[in-house]
Amino acid sequence: MFADIDVTGALAERVRTAAAGDTSLRIRGGGSKDFYGQSLQGELLDTAALAGVSSYEPSELVVTVGAGTRLAELEALLAAQGQCLPFEPPHFAGVATVGGMVASGLSGPARASAGAVRDYVLGLKLINGRGELLTFGGQVMKNVAGYDVSRLMVGAMGTLGLITEVSLKVLPMAPMEATLSFECNQAQALDWLNAWGGRPLPLNASYWVEDAGVGTLCLRLRGAQAAVEAACKTLGGVRKDGAQASVDWQACRNQQLPWFRQRRDTQDLWRLSVPQTAPVLDLPESPLVEWHGGQRWVRADAGQEQQLRDVAARAGGHATLFIACGAGGTAAMARFDALKSPLDRIHRELKREFDPAGIFNRGRMSADW
């Protein structure tokens, strides 16, 4: 079961003490995403004690767990009931937790079809910068009214408060899935994906990657058996072995495909979020394309930051320095695109409201707060 009120009370007291002493706190679950964001500052505030399941109603498709609960344990619990987190949150190399999943807002290969983390957050509890325990949302969608503060915490990188508990919508696992592969260049892959996206096909995930000059598009289909089998016949391609395909998708989810592992020590990893309909972009090298064209991973050398940001902006998207190599000054480089005035003002006002002393995860999203 989830930690009792004494645990949250002790954490709230620590937050009040930190605020009174202007002491920065660095919230950490399993540390699997320590690489992500601007910098790590402050005294460690470990969420391990916030672990356990508060409630789980498989028939209601809702689970409520502590923020320190390991993601692998939650997924195993759901799998035993034939259910899952459809957005496939990445685990990376560390011990990922539910709180880190929500705070980072990162989703896996199925994001383009199943939705993002924020689409499945029904409610949460958090301790704000005043040491107050607040509750937002609930355990059913109809409880979400007015300002959806619970979803505001998704992707906030812990800068607005310490998440203690989360209620999530879950879904049944698909009855069937199949993976098809197609040898093609990037332009052809994008054309196919755009065309298929307008048809009633059970598209779930895709990635295109080039290896030794040969491009391959992998397409995962999920849904009813009849729909998946019909789509396989319609689309053609080479149908991959199910077990091997599962391994490959897990590797894609956790950035362990050969393309990611082949990144040189002097290269940064950039994430470009663009419209799915964006054409082939003018990039330093061939990217790995995910989300039916909406996410493009780029390995780049120092000095190519502005080119990537400009390319993403022209395509109607934005660029994020996802993993910095640490050489050539990239360790101090801005990870995220600067927000325009209206959005920047809103972010700063939210920060002042939830964390007036600015103690939570200083410098994680921006160098100045």
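Serine 181 lies in strand β10, which spans residues 176–183, where helices (H or I, at least four residues) and strands (E, at least two) are DSSP runs numbered from the N terminus. With a relative accessibility of 16%, serine 181 counts as buried, a term that denotes under 20% relative accessible area, as against over 50% for exposed and the range in between for partly exposed (1.4 Å probe, protein chains only). When residues up to four places away in sequence are left aside, serine 181 touches Thr216, Leu217, Cys218, Gly237, Val238 and Lys240, a contact being defined by heavy atoms within 4.5 Å. The model is a predicted one, in which local features need pLDDT of at least 70 and side-chain atom pairs count only at pLDDT 80 or more, whereas totals for chains, interfaces and linings use all residues. Residues are numbered from 1 along each chain as its sequence is written, and side-chain values use heavy atoms, with hydrogens and water left out.

The chain as a whole comprises 11 helices and 17 strands. Its radius of gyration is 21 Å, close to the 21 Å that the globule rule gives for 369 residues, so the chain is as compact as a globular protein of that length; the radius is taken over C-alpha atoms, and the rule is 2.2 Å times the number of residues to the power 0.38. Along the principal axes, the C-alpha atoms fill a box of roughly 60 × 50 × 35 Å. Buried residues account for 49% of the 369 residues, and among contacts between residues at least 6 apart in sequence, 69% join residues at least 24 apart.

Aromatic pairs were assigned to rings of Phe, Tyr and Trp (its six-membered ring) with centres within 6.5 Å, planes under 30 degrees apart counting as stacked, over 60 as edge-to-face and the rest as tilted. By this rule the count comes to 15 aromatic pairs. One of them, formed by tyrosine 36 and phenylalanine 336, is edge-to-face, at 5.7 Å centre to centre and with 85 degrees between the planes. Tyrosine 36 lies in the loop between β1 (25–28) and β2 (43–46) and phenylalanine 336 in the loop between β17 (318–323) and α11 (341–354), so the pair ties together parts that are 300 residues apart in sequence. Both tyrosine 36 and phenylalanine 336 are buried. The pair of tyrosine 207 and tryptophan 249 is likewise edge-to-face, at 5.1 Å centre to centre and 80 degrees between the planes, and links strand β11 (residues 203–211), which holds tyrosine 207, with helix α8 (residues 242–253), which holds tryptophan 249, 42 residues apart. Tyrosine 207 counts as buried at 5% relative accessibility, as does tryptophan 249 at 4%. Ring pairs also link Phe35, Tyr36, Phe92, Trp259, Phe260, Trp297, Phe322 and Phe336 into a cluster.

Two further buried residues lie in helices. Lysine 351, in helix α11, counts as buried at 7% relative accessibility and touches Thr159, Leu160, Pro356, Gly358, Phe360 and Trp369, again without residues up to four places away in sequence. Methionine 101 lies in helix α3 (residues 98–104) and is buried, with a relative accessible area of 1%. Beyond four places in sequence, methionine 101 touches Lys33, Leu71, Leu85, Phe87, Pro89, Leu106, Val117 and Leu168; the C-alpha atoms of methionine 101 and valine 117, 16 residues apart along the chain, are separated by 7.9 Å.
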